[in-house]
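Me: I have a structure open and want to go through some of its contacts. Can you take my questions as they come?

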Amino acid sequence: MRNPIFFIIAAAVGASVFLIARLIGNDYLFFAGYTVLQFIVLATAWNILGGYCGYVNFGSAAFFAVGAYSTVALHKLGTNIDRYASEALAPLLKAAMPFSIPTLTIIAGIVAGLIGFGMGYLTLRLRGAFFAIATLALAVVLQTLIVNWDYVGGSRGAYIIRPQEVPIIGSYIQYLFLLMIALAVIALTAARVIERSRLGYGFATIRDDELAAEACGVPTLKLKLIATTISGGLMGMAGASFPYYIGYLEPSSAFGLAYAVNSIAMPMIGGTTMWAGPLIGALLLGIIQQVATVTISSAVNLLIVGLLLIGFVIMAPNGIVGMVRDFLRVAAPERVDLRAVKLLTIAGYCFLVGLGGVVFGLSAAMAAKNSALTSLGTFTIVLSMVYLAAAYGLLKIESWSPYLTKSVLAVSIPLSILFIWLDPSNFNVVALTISIVIDLIVIWLLQDREIKQLYQPITQRRAVS
Amino acid sequence: MDFPIELLINAIIAGILLGGFYAAVTAGISISFGILDIVNIAHPAFIILGAYIAYIVNQTFGFDPILTSIIVLPAFFALGAGIYQVYYNSFEKYGQDALRGLAFFFGLLFVTEVLLILVFGVDYRYVQADYIDKTIRLGFADLPLRMLVPCVISLLMIGALQLFLSRTFTGRAIMAVSQDQLALQLMAVDPIRIKTIAFGIAIATASMAGAFLIVIQPIEPSVGREFIGRVFAICVLGGLQSLPGTVIAAILLGIVESLTATFYGPSWAPAVAFGFLLLTLAFRPAGLLGR
């Protein structure tokens, strides 16, 4: 697919997401969606340096906060122009201010990009680990500077009063949501363009073997500086509209560890070598976190992210994209056939059910007043783990996995019936009936001869063919 | 206005005492990052874990926190050895995949911190011991025991560690494993076993450092983050593999931080370590005692 076409498709998807969200018309959807989109931008930005070049940035929060605080600074400047600008400049500035959010986003991008460049210039000539540590350091230095900088509120924080309405679109949160969609589309397109350009191949050589690349004449330092600048700039842009979203910005929220860990975990879980990886990871983790924050607590959702990060890094080092790719290489080497699609869907279903089950089980176990509910929650968590193992086995083409999948599905059918009996609310009945139907269909699908053939132990598979 | 010379001397003494404590915090990193080349950014999380263990034992049995930390050393050693086995089998065995190893430790840091928050909440916790409130006065110089005791024990611990590394066979093998694994194998030593031991020792120091930390100041789960920059700044400044270098760098950083806190206000102190780190990385990446 050519890049302009990709951009048009991405923009169309973005536009339809916005229209669907408007049709549903729930304000919470926009608030939650904004956060997820913001993570898409952050994860994609992180991946340009971390995934393509192999340099880990722990300081995403710092770049994000630089973007947010550049908005705060300009906003303050806009409201008190007469105090800060000289008389000759004041009318000129007044005409330009207050800046619109797109302008602020671009300015934030430039500021954060410059910081990324300076950061890279200081540390990129050293081994990779030093860069990672220095980015951690950068976050704390910048946080200390902001805490001690009274103009933007210092440790007290700063209020940004956002207008209630904007022309054409209506409510302000929808406007912010739309801008974030646009930014996500731009970030994804940029990542894809880079991935398939000379620049991207240069990045890949750095990731694979920097010494060899250098010896072959790849200008590694220059490329790394380009990567840090783009990556930092995009992170800053993601933060630019944050003060308007949150309304009150204080250093510890802007520099929160959640941004750092999410922007690493999302690409790692999705897959780092392709633009789709951060997107998948951000959608998955972003939505889980929104659900977990509402149903359990924000501490537990960070725990889930941390555990998923560790789990994926150990079990599936190339993320979801890498696992699917490896699976297709074995199951459908020539072209993607129906069997592969079926199996991917089943594995995806098991994975999502497993993840959802972990979140649900945790919320039941933590909120439970009596021991029955706690043990039910614990049991759900264990069952969900089996689901995850089944999905893992299916993708890895382990011979035991069809049996495991079938048995775990068979166990969950009576469980679903039990739940319907326990809590016969409308939502429960519909959702659980659908899940029972899906379970039955999946068990039936797994009886397929072709699928059975794929999962035969390797020795037997040879004998058949 | 006269220059407050007494204040200056007191700040320097406080800095030296603080530095002694920082040396204990960094010793583990000097082994894991400096010698074994494992970027264990989760080290501060284990320090906090050690502090909480000291806290629990102190609260329930009234044991001295530092004594407790010495008793649980084997547990921390086992924890470190276990983590190294996971790290080795998942990452190191397959060659240099630094990206995933870093993410692994970052995840560990995060999970440990969140678990501690879930169990203990974000209230500040502190311990009781007879020496915590006492202060020795020498002329106008104050030597608070809550700083002096950790500093002295920390220096003793590092001295013992240095003796172990330079005098015993295992210690020398640890120093050698980073330089030439093959040569080590030729001497009939299993490099993986040596690395497991070394990483276990590195994590074991976190137990003691944690006890020092909770003696010095009340803690909550996220204070560990402040130490990430500090430990790496000290480790890099000290020249990565050298424990004496670590001690010197730690004391230097302690003094500078204490002076900053005294004359410019404590809110600037965290930036000092990181400024140190950035400057060292930019201008003298080999460290003070580096070759």
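Me: How many residues does the contact take from chain A and from chain B?
Reply: Chain A puts in 35 residues and chain B 32 residues, where contact means C-beta atoms, placed from the backbone, within 7 Å. This is a predicted model, in which local features need pLDDT of at least 70, side-chain atom pairs count only at pLDDT 80 or more, and totals for chains, interfaces and linings use all residues. Residues are numbered from 1 along each chain as its sequence is written, and chains are lettered from A in the order in which they are written.

Me: Which element gives the most on the chain A side?
Reply: α7(A), with 13 residues.

Me: And by class, what is on that side?
Reply: The side of chain A that touches chain B has 28 nonpolar, seven polar and no charged residues. Ala, Val, Leu, Ile, Met, Phe, Trp, Tyr, Cys and Pro count as nonpolar, Asp, Glu, Lys and Arg as charged, and the others, Gly among them, as polar.

Me: Where does Ile16(B) lie, and what is Ile16(B) in contact with?
Reply: Ile16(B) lies in helix α1 (residues 5-35) of chain B; helices are DSSP runs of H or I, at least four residues, numbered from the N terminus. Leaving aside neighbours within four places in sequence, Ile16(B) is in contact with Ile251(B), Gly254(B) and Ile255(B).

Definitions and conventions
Helices (H or I, at least four residues) and strands (E, at least two) are DSSP runs, numbered from the N terminus. Two residues are in contact if their C-beta atoms, placed from the backbone, lie within 7 Å.
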